[in-house]
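Visitor: I would like to learn how to read a protein model. Where do we begin?

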Amino acid sequence: MAITSEMVHEYTVDDDERTVLAELAESAAVQLYAKPEAVVDQILEMPAELRHRLLAFADDSPSGFFLIRGLETGSLPETPTTHGGTVLTTHVTTGFMVLVAELLGSLTGYADEKGGDLVHEVHPVRGEEQRIENTGSVAFDFHTENVHHPLRPDFLALLCLRQDHDKVAATRVASIREAVSYLSPEHLQALREPAFDSLYPTSFTRGSSGQRPVSPSHPVLFGNEEKPFMRFNSHNTKARDAVGRAALQALTEALEHVSRDVVLNPGEMVIVDNHIAAHGRSAFVARYDGKDRWLRRCYSLRSTPRWTEAMMDRPRVLPSLSGIRGVL
């Protein structure tokens, strides 16, 4: 489904705002590591309309995603070709991620994922084409982020630095608030039962041997019947019986029915409500020539339990699941 401004929260930055935001972002990227509390000053200086629109989106969004267009991408090196690490620690695009994540909640990383990095590089890596991960280039079906985790992100943001060569790779988004009308009462009831298990994603198990761990049992849908929330990964969430499997198939079809393809241009950011919208990626062809598709990703969490913060080895990085599993 093609997207229009009537369908989704959207904001296009004008020339004056672009200059202001770039200055704030450059400052925020530095402050994040030097004096994190100072980021509040940059947030308060963001263009008022953009700030208000983002907060309105966070409060309630049937589509589950928000688009910002026209951001500065600055000077860029070649697209990375290996997994892990970042070359843009204090880059202007890091600052944009900080501003958005901190406005909506708190920029958050996971000790078990990518070494706790707060901003993730999303680009193809040779030899990992088939991985259902951000280093792959095959289609990545609908999922909510970190489905296995008790402290899942409330929001995630994806900022495009480069498109793929053929300009066909799309970020696919599908809202449960829009899909729910395509599900039968029987399927809805089944999806609300705590009868589903989710494998840990491969991004959390790199370097591990043996079978991937499985989450405690959970429902796929929860909350208000008319405005449900979703916890689902089409690759990793499994049902225990035929009723559950049929319900998951129906959910997959319903999400496909309402899905929207967002082909991001450089300087465009999509923010996804991780409890309302599932997201995915269409396939593309990587060339590994330094000009491949390159996005940056971050997570935002509205509230972190105090005891969890006390267990953090680093600010903003949630402790390993082995330390908190069984508590949450």
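Guide: With secondary structure: this protein has 9 helices and 16 strands. Helices (H or I, at least four residues) and strands (E, at least two) are DSSP runs, numbered from the N terminus. The radius of gyration, taken over C-alpha atoms, is 19 Å, close to the 20 Å that the globule rule gives for 328 residues, so the protein is as compact as a globular protein of that length. That rule is 2.2 Å times the number of residues to the power 0.38.

Visitor: What kind of model is this, and how are residues numbered?

Guide: The model is predicted: local features need pLDDT of at least 70, side-chain atom pairs count only at pLDDT 80 or more, and totals for chains, interfaces and linings use all residues. Residues are numbered from 1 along each chain as its sequence is written, and side-chain values use heavy atoms, leaving out hydrogens and water.

Visitor: How many of the 5 residues of strand 7 are buried?

Guide: Buried means under 20% relative accessible area (1.4 Å probe, protein chains only). In strand 7 (residues 171-175), 5 of the 5 residues are buried, so the strand is largely enclosed by the rest of the structure. Across the protein, buried residues make up 54% of the 328.

Visitor: Which way do the side chains point from strand 7?

Guide: In a regular strand, side chains alternate between the two faces of the sheet. Here Thr171, Val173 and Ser175 point one way, and Arg172 and Ala174 the other.

Visitor: Which strands pair with strand 7?

Guide: Pairing takes at least two DSSP bridges between two strands. Strand 12 (residues 260-262) runs antiparallel to strand 7, with 3 bridges. There, Val173 stands opposite Arg260. Strand 14 (residues 277-281) is also antiparallel to strand 7, over 5 bridges. Arg172 has Gly280 of strand 14 as its bridge partner.

Technical notes
Buried means under 20% relative accessible area, exposed over 50%, partly exposed in between (1.4 Å probe, protein chains only).
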